[in-house]
Amino acid sequence: MIRFYHAPGTRGIRPIWLCEELGIDYGVEMIEFTKEFRASPAWRKISPLGKVPVLVDTADDLLMYESCAMVQYLLDRYGNGQLQPQLGTPEHAIYQQWNWFAESTFARPLGEIVNHGREFPGENLIPAVVAEMQNRGEQCAIAVGEAIADKAFILGDNFSAADINLGYSIMLAERFLSNGLPESIKPYWQRLSSRPAFIRATR
Ligand SMILES: N[C@@H](CCC(=O)N[C@@H](CS)C(=O)NCC(=O)O)C(=O)O
């Protein structure tokens, strides 16, 4: 049994969306997304930095706390070769590039906008820091827009888990970029966000 600890709007959307795409059974436990709960010793035992999401797979006695790694585990364990190119091919290398880009390059500055706003609320907020993170996030959105220009999905005609990982980052970009999403990325985002599995994962 797969179980996620999750909070609305957060990165747990990635592995939950994947489960919805593949028809993998899962359960969700919503945690209290307060500073106090995330700092509590009980939660820190499960998630050392107090973050969400967390995945528990009782079939393997497994506990994980990185969203894109969860997506890859679920694909490798339960995906029967679906939604990713064959391992060891150049296509798989590009697939992994976009997975890593999604979290470590694209979501990072956007996540820092959230963290900065939480740690330095009101008049303590440093607008130049937020503007810099927005600029970094916007550059990433533009890079995705260029890569997707002549394609339906990031690897070409076929939807893959890299679209899920990027999709969550685009969702953050839509929320936190001061000018919204660049036009070049909007049709791709429309394709992703209208998928029934995405809608079920975010309701
Ligand atoms: N790289 C991690 C990032 C996890 C993360 O930052 N989660 C956010 C919610 S989306 C969180 O729990 N933030 C609270 C905090 O940083 O204290 C992942 O992809 O799972």
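## Briefing: I16, its helix and the fold around them

Let's start inside helix α1, which is where I16 sits. Helices here are DSSP runs of H or I with at least four residues, strands are E runs with at least two, and both are numbered from the N terminus. This is a predicted model, so local features need pLDDT of at least 70 and side-chain atom pairs count only at pLDDT 80 or more, while totals for chains, interfaces and linings use all residues. Residues are numbered from 1 along each chain as its sequence is written, and side-chain values use heavy atoms, with hydrogens and water left out.

**Overall fold**

- The protein has nine helices and four strands, and reading from the N terminus the order is β-α-β-α-α-β-β-α-α-α-α-α-α.
- With a radius of gyration of 17 Å, close to the 17 Å that the globule rule gives for 203 residues, the protein is as compact as a globular protein of that length. That radius is taken over C-alpha atoms, and the rule is 2.2 Å times the number of residues to the power 0.38.
- The C-alpha trace spans about 50 × 45 × 30 Å along its principal axes.
- Of the contacts in the protein with a separation of 6 or more, 64% are between residues 24 or more positions apart; contact means heavy atoms within 4.5 Å.

**Surface and charge**

- Some 47% of the 203 residues count as buried. Buried means under 20% relative accessible area, exposed means over 50%, and partly exposed is in between (1.4 Å probe, protein chains only).
- The accessible surface of the protein comes to about 10500 Å², and carbon and sulfur atoms own 54% of that. Areas come from the Shrake-Rupley method with a 1.4 Å probe, and for residues only the protein chains shown count as cover.
- On the charge side, there are 19 positive and 24 negative side chains, with the centres of the two sets 4 Å apart. Lys and Arg count as positive, Asp and Glu as negative, and His and the chain ends are not counted; each charge is placed at NZ of Lys, CZ of Arg, CG of Asp or CD of Glu.

**Helix α1 and I16**

- Helix α1 covers residues 13–22, and nine of its 10 residues are buried, so the helix is largely enclosed by the rest of the structure.
- The buried set in α1 is I13, R14, P15, I16, W17, L18, C19, E20 and L22.
- I16 itself is buried, with a relative accessible area of 3%.
- Leaving aside neighbours within four places in sequence, I16 is in contact with F4, H6, Y26, V28 and A201.
- A201 is 185 residues away from I16 along the chain, yet their C-alpha atoms are separated by 5.7 Å.
- After α1 comes G23, with a positive phi near 70°.

**Strands**

- β1 (residues 2–6) and β3 (residues 54–57) pair in the antiparallel sense over four bridges; two strands pair if DSSP finds at least two bridges between them.
- F4 stands opposite L55 in β3, and F4 is also one of the contacts of I16.
- β3 runs antiparallel to β4 (residues 62–64), with three bridges joining the two.
- D57 stands opposite L62 in β4.
- β3 and β4 make a hairpin with four residues between them.

**Backbone points to check**

- V52 and P53 are joined by a cis peptide bond, with omega about 5°. P53 lies in the loop between α3 (41–46) and β3.
- D61 is in the loop between β3 and β4, and its phi is near 55°, a positive value in a residue other than glycine. At 74% relative accessibility, D61 is exposed.
- L83 is another non-glycine with a positive phi, about 60°. It is in the loop between α4 (67–78) and α5 (90–119), and L83 is buried, at 19% relative accessible area.

**Helix α6 and A141**

- A141 belongs to helix α6 (residues 127–147).
- A141 counts as buried, at 0% relative accessibility.
- Setting aside neighbours within four places in sequence, A141 touches F106, L177, P182 and I185.
- A141 and E174 are 33 residues apart in sequence and 9.6 Å apart in space, C-alpha to C-alpha.
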